[in-house]
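Hello,

Here is the structure I promised to pass on. My notes follow below it.

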Amino acid sequence: MSDLSDLYQQVILDHNRRPRNRGKLPTANRVAHGDNPSCGDQCSVYLKFDGDHIQDLSFDGSGCAISQASASLMTTQLKGKTPAEAQKLFDEFHHIVTTGEAPEEISDLAAFAGVHAFPARIKCATLGWHAALNALNGEAAPATTETHQD
Ligand code: ZN
């Protein structure tokens with residue numbers, strides 16, 4: 001497990017210890033569920049979408065530290081965003097976790113740069129984001145990472 005120690009940087013540890021926006025959102029009008037069977041991670045995302053912006057969102061789930069910390073961080077990043085802005089943030093996050101290249105100006109997302117060295121964990125890091133975008137797009141089908149090109 002020591003090889004993974006670089007993954008667990010301060011931001012990840014913090015989100016894992018004190019998850020943000022965890023639990024069902026009573027006012028949600030969009031819900032999507034994500035599964036990462038290769039690691040056993042699960043994540044549901046609840047969105048209150050007003051047609052233009054994500055007014056509020058939350059997540060609930062279980063699994064490894066990477067998946068839960070990433071989902072927690074995702075909820076803090078997407079609040080108030082439009083669907084286009086949310087997609088852009090995910091693209092940036094996806095670039096970080098697949099290449100390890102992290103622009104300094106988005107330092108919280110950059111905490112996950114170490115994930116790129118562990119390809120199997122990329123699915124953990126993107127699980128909550130896939131669920132959020134699916135919820136935003138109104139897709140009812142579960143966000144199974146097995147069918148996504150990460
Ligand atoms: Zn995982």
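At what angle do helix α2 and α5 pack, and how far apart are their axes? First, a word on the source. This is a predicted model, in which local features need pLDDT of at least 70, side-chain atom pairs count only at pLDDT 80 or more, and totals for chains, interfaces and linings use all residues. Residues are numbered from 1 along each chain as its sequence is written, and side-chain values use heavy atoms, with hydrogens and water left out.

Now the helices. Helix α2 (residues 65–78) and α5 pack at about 35°, and their axes are 8 Å apart. (Axes are lines fitted to C-alpha atoms, for helices over the stretch in contact; angles run from 0 to 180 degrees between N-to-C directions. Helices are DSSP runs of H or I, at least four residues, and strands are runs of E, at least two, numbered from the N terminus.) The crossing is right-handed, meaning that the near helix is turned clockwise from the far one by less than a right angle.

Contact here means heavy atoms within 4.5 Å. On the α2 side, the contact residues include Ser 70, Met 74 and Leu 78. On the α5 side, Cys 124, Gly 128 and Trp 129 are among them. The contact residues divide into eight nonpolar, four polar and one charged. (Ala, Val, Leu, Ile, Met, Phe, Trp, Tyr, Cys and Pro count as nonpolar; Asp, Glu, Lys and Arg as charged; the others, Gly among them, as polar.)

Next, the rings. The structure holds three aromatic pairs. (Rings of Phe, Tyr and Trp, the last by its six-membered ring, pair if their centres lie within 6.5 Å; planes under 30 degrees apart are stacked, over 60 edge-to-face, the rest tilted.) Phe 90 and Trp 129 have ring centres 6.1 Å apart and planes at 35°, so this pair is tilted. It links helix α3 (residues 83–99) with helix α5 (residues 119–136), across 39 residues. Both Phe 90 and Trp 129 are buried, that is, under 20% relative accessible area with a 1.4 Å probe, protein chains only.

Phe 93 and Phe 112 form an edge-to-face pair, 5.5 Å between centres and 70° between planes. Phe 93 sits in helix α3, and Phe 112 in the loop between α4 (107–110) and α5. Phe 93 and Phe 112 are both buried. Phe 90, Phe 93, Phe 112 and Trp 129 make up one aromatic cluster.

Trp 129 is worth a look. Leaving aside neighbours within four places in sequence, its contacts include Gln 77, Leu 89 and Leu 109.

Best wishes

Notes
Buried means under 20% relative accessible area, exposed over 50%, partly exposed in between (1.4 Å probe, protein chains only).
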